[in-house]
Amino acid sequence: MAEATITTGWRKWLESVGEQGVFFMRFVRNLFAGGFEWNEFVRQCYEIGYRSLTLVGITSFIMGLVLILQLRPTLVGFGAESMLPHTLAVSVIREIGPVITGIICAGKIASSIGAELGSMKVTEQIDAMEVSGANSVQYLVVTRILATSFMIPLLAMIGDLISLVGGFIALNLTDDISLTLYLHKCIAALDYTDYMPALIKTFFFGFAIGFVGCYKGYHSDHGTESVGVAANSAVVTSSLWIFFIDMLVVQVTSLLFYK
Amino acid sequence: MEEVAEKDKAKHAASDQKEVVIEIKGLKKSFGKKQVLKNINLSVKRGENVVILGRSGTGKSVTIQCVVGMLTPDGGTVTVLGQEVEQLNDKELKELRTKIGFLFQSAALYDSMTVRENLEFALKRVMRVTNQSELKKRVKEMLENVGLPDAAEKMPSDLSGGMRKRIGLARTLIVHPEIMLYDEPTTGLDPITSREISQLILDMQRKYKTTSIIITHDMDCARVVSDRVLIMDDGEYKAEGSFDELSKSKDELVKSYFI
């Protein structure tokens, strides 16, 4: 009985992997098929990018502020409080900024895409597009995946800057540092091996968020319950993908730049 | 405004009135262990309105979903406008679908778009109509045809059930399909609105000379729109004839529909 359940579980998992492969190929085929939906792409960029800016901004600001407040006692213990801007800049740009933005967007955007497409599937709107002869993948999937892939890096960059602003304010609560010196220390701490891998991984975070959201929504079963399942599953799966991609990129970056 | 309809009328009238446009032979379809369609044979001639009656779950909707290629049959063949549906590749199937209109039970309006955008969706993407004045003209004509001339800027959520059905019908007819498939067009509507929708279906069929298959439980609708009625039970057709012929039938199953 237990063996049968495990076998069924594995089979379902393998089927799902296969379906995702097919879905990815459909995305790629439609990406280069012509007739790109520019208006829908711009609308999605607005929905995904602009509408997430406040949330990403607030979270990033708090992260920058809290990181300085948490790091300060430790570094003061070593007499290294002058290293605070340096430490903050490296940790925010390399790791915390992209991952926090990715996770927030997974929660907000992947769930929204999963629920929207799931609801369209359940109410036969996707079927209606298909039977009219229109290309639903090009209209719904390609635009959303591209919008997340371009907007998440942009949001992460803005989030990083806001984190540094939060850090500057936190530093000035306890110490006294000018903006010029603070910026100088932050910029001096960074080179392209810090921000380039971070930028590249946010592109993959965005792709994962868009792809998982679209896949889960597009493959909802018929029934209102499946809309909730699609949204929930989109968040969980895309969050896991973010950590997995992060681990992979850090490994590759370490091999390439920090031998 | 009448030009487009007249052009269409002439195009359809030019075809042989006796031409078979939908030919279903030995159609079989199962879902898991349940065989929904056992052996369906059906010929629909150009300009004919065929109503399929039957209890819920007898496979009526599955039949028309096979006609439009949404479902793949397990056995038998479906030939539409001389093309065997299962043998078509993606491009050919899309091409065929531009000649078939499908009105869903729920109308399946795209709920993130206005009525105008709903109507323009397939026009822009499938019929490649890009001229703004032509788009406006066709939307205006269709909305007048379905008796909702002022609904263009409304959202689907602002419409009543009957209005949604009318807009769904307008969206389907705007591309001037040769074949119309109606999946329970009057379900969930009050008797007066049901009668109006039934009359509208008949008026549109006369105006655009479409060939139709109508799935319904509504005997009033069947009486108004049908040239021929088929009664389906247990995955097979059990009776066939005009509405008047069947209403006089002594068969217990047939009689049960006309009580």
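What percentage of the 259 residues of chain A count as buried? Select chain A to begin: 43% of its 259 residues are buried, a residue being buried if 20 or more other C-beta atoms, placed from the backbone, lie within 10 Å of its own, exposed if 12 or fewer do, and partly exposed in between. The model is predicted, and local features need pLDDT of at least 70, side-chain atom pairs count only at pLDDT 80 or more, while totals for chains, interfaces and linings use all residues. Residues are numbered from 1 along each chain as its sequence is written, and chains are lettered from A and ligands numbered from 1 in the order in which they are written.

**Chain A**

Colour chain A by secondary structure. Along the principal axes, the C-alpha atoms of chain A fill a box of roughly 65 × 50 × 35 Å. Among its contacts between residues at least 6 apart in sequence, 89% join residues at least 24 apart, where a contact means C-beta atoms, placed from the backbone, within 7 Å.

**The contact between the chains**

Next, display both chains together. Nine residues of chain A and 14 residues of chain B make up the contact. On the side of chain B that touches chain A, α3 (90-97) and α4 (115-125) of chain B each supply at least two residues. The largest share of that side, three residues, comes from α4(B). By class, the side of chain B that touches chain A holds nine nonpolar, two polar and three charged residues. Here Ala, Val, Leu, Ile, Met, Phe, Trp, Tyr, Cys and Pro count as nonpolar, Asp, Glu, Lys and Arg as charged, and the others, Gly among them, as polar.

**The four-stranded sheet of chain B**

Select β2, β1, β4 and β5 of chain B, which form an open sheet in that order with antiparallel pairing; two strands pair if DSSP finds at least two bridges between them. β2 (34-45) and β5 (83-84) of chain B are at the edges with a single partner strand each, so one side of each is left without a neighbour in the sheet. Strand β4 (residues 75-80) of chain B is joined to β5(B) by two bridges, and B:Thr79 stands opposite B:Glu84.

**The six-stranded sheet of chain B**

Move to the open sheet with the order β6-β7-β8-β3-β9-β10 in chain B, where the pairing is mixed. The twist averages 15 degrees from one strand to the next. Helix α6 (residues 161-173) of chain B lies across β6 and β7 of chain B, at about 170 degrees to β6(B).

Now centre on strand β8 (residues 211-216) of chain B, in which six of six residues are buried. B:Thr211, B:Ile213 and B:Ile215 point one way, and B:Ser212, B:Ile214 and B:Thr216 the other. Strand β3 (residues 49-54) of chain B runs parallel to β8(B) over five bridges, with B:Leu53 opposite B:Thr216. Strand β7 (residues 179-183) of chain B also pairs with β8(B) in the parallel sense over five bridges, and B:Ile179 has B:Thr211 as its bridge partner. Finally, trace the chain from β7(B) through helix α7 (residues 191-208) of chain B to β8(B): this β-α-β crossover is right-handed, that is, with the strands pointing away from the viewer, the path from the first strand over the helix to the second runs clockwise.

Note on methods: Two residues are in contact if their C-beta atoms, placed from the backbone, lie within 7 Å. Axes are lines fitted to C-alpha atoms, for helices over the stretch in contact, and angles run from 0 to 180 degrees between N-to-C directions.
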